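Reader: Could you walk me through some features of this model, one at a time? I would like to learn how to read each of them.

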Amino acid sequence: MRQRPPLTPLVGALPSTVPFVGPEAQERDRGRPFRARIGANESSFGPSPRVIARMESVARDQWMYCDPDNYDLKQAAARHLGVGTENVVVGEGIDGLLSLVARMYAAPGDAVVTSLGAYPTFNFHIAGVGGRLVTVPYESDRESLDGLLAAVRKDKAPLVYLSNPDNPMGSWWEANELIRFIEALPETTMLVLDEAYGELGPSALPPIDISRPNVIRMRTFSKAYGLAGIRCGYAVAEAQVIRDFEKIRNHYGVSRMAQIAGVEALADQDYLRSVVARVAAGRRRIAGIAEANGLKPLPSATNFVTIDCGDDGAFALKVLQGLLSRDVFIRKPMVPVLDRCIRVSVGLDHELDIFAEELPGALAAARGN
C-alpha cells in the first residue's frame, strides 16, 4: 500500500460533503431526466436575445484568455450602480466571492455569524478556513436582524452573512430596516450582504454607500439575468476592501464569454424588467397551485415560492420525494421549523403545468392515501 502526502490538519478534519447535489447528478442516479427543472432558482426564461446574439458572435474568440482585469465588466457594473470602478470586483459568481471573503476575514477559530438554515455555501467556505459558525434561528420565516446583531456583539464576530431577499424562504427586509441593521453593526464586523435576488425585490435594496468600509454588497448574473451557467457575479464595496480582494482573487477565473455576457446583460435593462414581470406572474401561479391543494405559499421577493406544507419536516420531505419520483425537480429547506416547507422555482408555463398536475399525487402519497 503506497502512502499519500498528508492533507493539512484543517482540510483533513473536514467532512466529505458538498452543499448541493445537482439535478444532473440526480438524473444520472435515476436514469432519466426531469420533466420540470424548478428547484435551483435558475431563470428558465434565459438571457436576453441581445446577450445571446453577442455570445454567438464571439464564440470563435474563446481561444484567447479572458481579460484578467475584467475591465469592461467592471466599467459596466460601476456605471450601472453609480460607483467607481475602484469599488467593484468581479468573481466566479457570488459563491466564488464568498470563498474570498472567508479567507479575508475569518481566521481559524473566529466566530462567524449567519442564520440557521441560510445559504449553505457560505458555511462551506467558512468551514474551509477553520472559522467557527454561530447560527441564529429565523424569526417568522425571516432572518432575524436583531438576533444576528446580538450574536455579532456577543461573540465579537469579524464577519456576518445576510441574504436579502432571502434563500431559502423568499422573505426580505425593507431597505430602511437594512440601513438600521448596518448602522448598528460594530465597525470591526464585516457584513456580507448577499443580494443575489435583489433585482427581483428592489424595495429590499438600500442605496449603495461605498464610504462605509464594513459592508460588501454582492450581485450575480445567475438569477434575474438568466446566466447561471456562466458563473459570474460582482461585489461592491469601499475601495480598500476591493484592493484587498485583488490580493487573492483568481485573476483568470471569469471567462472571456462570461465577461462579455455580463456587459450585455447590464445594458439590456428592458429585458430585465420583462423578466421581473414574468417572475411575478410565475410566483402568483405557484401560489395559486399551492392554495388549490390546501397549502400555504409564503410571500416572496425572489424567483421562487416557499410553500408551507402544513405539517412537519418529515411530511414535507415525503412531498419533495413524491415530486422527484414524478420527474419534478424541486428543493426544500432542511433545518427544523423551516423544513416544513418545499421550495419551487418559477419556471416556464409547461413546467408549472407539470407541477400543478403532479402535486396532488405527491401530497396524496405523502399522506398515505
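Author: Let's begin with a helix pair in this predicted model. Helices (H or I, at least four residues) and strands (E, at least two) are DSSP runs, numbered from the N terminus. Axes are lines fitted to C-alpha atoms, for helices over the stretch in contact, and angles run from 0 to 180 degrees between N-to-C directions. Here helix α12 (residues 313-325) packs on helix α13 (residues 349-367) at an angle of about 135°, and their axes are 8 Å apart.

Reader: What word describes how α12 and α13 lie to each other?

Author: Angles under 35 degrees count as roughly parallel, over 145 as roughly antiparallel, 65 to 115 as roughly perpendicular and the rest as oblique. α12 and α13 are therefore oblique to each other.

Reader: Which residues of α12 and α13 make the contact?

Author: Contact means heavy atoms within 4.5 Å. From α12 come Phe-315, Lys-318, Val-319, Gly-322 and Leu-323, while α13 supplies Phe-355, Glu-358, Leu-359, Ala-362, Leu-363, Ala-366 and Arg-367. For residue classes, Ala, Val, Leu, Ile, Met, Phe, Trp, Tyr, Cys and Pro count as nonpolar, Asp, Glu, Lys and Arg as charged, and the others, Gly among them, as polar. The contact of α12 with α13 has eight nonpolar, one polar and three charged residues.

Reader: At what angle do α11 and α13 pack?

Author: Helix α11 (residues 269-292) and α13 pack at about 10°, with axes 10 Å apart. That makes α11 roughly parallel to α13. Gly-282, Arg-285, Ile-286 and Ile-289 of α11 meet Asp-349, Leu-352, Asp-353, Phe-355, Ala-356 and Leu-359 of α13. Six nonpolar, one polar and three charged residues make up the contact of α11 with α13.

Reader: Which residues of α7 are buried?

Author: They are Leu-145, Gly-147, Leu-148, Leu-149, Ala-151 and Val-152. These buried residues of α7 pack against β3 (111-115), β4, β5 and α8. After α7 comes Lys-156, with a positive phi near 50°.

Reader: Which residues does the cis peptide bond join?

Author: The bond joins Asn-164 and Pro-165, with omega about -5°. Pro-165 belongs to the loop between β5 (159-163) and α8 (175-184).

Reader: What should I keep in mind about the numbers?

Author: Residues are numbered from 1 along each chain as its sequence is written, and side-chain values use heavy atoms, with hydrogens and water left out. As this is a predicted model, local features need pLDDT of at least 70 and side-chain atom pairs count only at pLDDT 80 or more, whereas totals for chains, interfaces and linings use all residues.

Methods:
Buried < 20%, exposed > 50% of the residue type's maximum accessible area, 1.4 Å probe, protein only.
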